[in-house]
Structures are given as C-alpha cells and as structure tokens.
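Here is a short note on the charged side-chain pairs. Please read the points below with the structure open.

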Amino acid sequence: MSSTIIVSLISLVGTLIGSLGGIIVSSKLTNYRIEQLEKKVDKHNKFAERMPVVEEQIKVINHRIEDIERSDHHEK
C-alpha cells in the first residue's frame with residue numbers, strides 16, 4: 001500500500017472518530033439541558049396547581065374579614 005492511501009485511511013478514521021465524538025457530546029449536552037428544563041416545568045406546574053387553592057383560601061379569608069368588620073360595625 002502506498003503511503004498516500006495509508007495517510008488517507010488514517011485521516012478518514014480520525015475524522016470519523018472526531019465526528020462521532022462530537023455527536024455523542026452534543027447529544028449528552030442536549031439531554032442534560034432537556035432534563036433541566038423538565039425540572040423547571042415540574043416546579044412551575046406544582047406552583048400552578050397550588051395557586052387556585054391559595055386563591056380560594058384568600059376568598060374565604062376576605063369573607064371572614066368582611067363578616068368581622070360588619071359585626072364590629074353593628075356593635076358600635
């Protein structure tokens with residue numbers, strides 16, 4: 001085999017290894033970032049689930065305050 005063919009084959013193998021390595025690293029980084037986004041979405045969803053409960057509690061508290069204010073007003 002001539003030295004030109006050997007150098008070409010070595011270059012081909014190096015290019016393939018480099019390309020595959022880059023693809024694998026890029027894939028791992030993409031998966032990591034997706035996992036981080038999923039965690040953020042989960043936090044947001046938990047918050048969004050709790051907000052209606054908090055809003056309902058605020059309504060109840062406001063009604064109770066209004067009742068107390070009315071009863072105090074009637075007593076005076």
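1. Start with Asp 67 and Arg 70. They sit three residues apart in helix H1, so about one helical turn separates them. The model is predicted.

2. Salt bridges with shared partners link Glu 66, Asp 67 and Arg 70 into one network.

3. Now the other pair. Glu 66 forms a salt bridge with Arg 70, and their closest N and O atoms lie 3.6 Å apart. The spacing here is four residues within helix H1, which spans residues 3-75. That again means about one helical turn between Glu 66 and Arg 70.

4. Both distances can be checked against the cut-off. A salt bridge needs a Lys or Arg side-chain nitrogen within 4 Å of an Asp or Glu carboxyl oxygen. The Glu 66 pair with Arg 70 is at 3.6 Å.

5. How many salt bridges does a search of the whole structure find? It finds two. As background, side chains of opposite charge can pair when their charged atoms come close.

Notes
Residues are numbered from 1 along each chain as its sequence is written. This is a predicted model: local features need pLDDT of at least 70, side-chain atom pairs count only at pLDDT 80 or more; totals for chains, interfaces and linings use all residues. Side-chain values use heavy atoms; hydrogens and water are left out. Helices (H or I, at least four residues) and strands (E, at least two) are DSSP runs, numbered from the N terminus.
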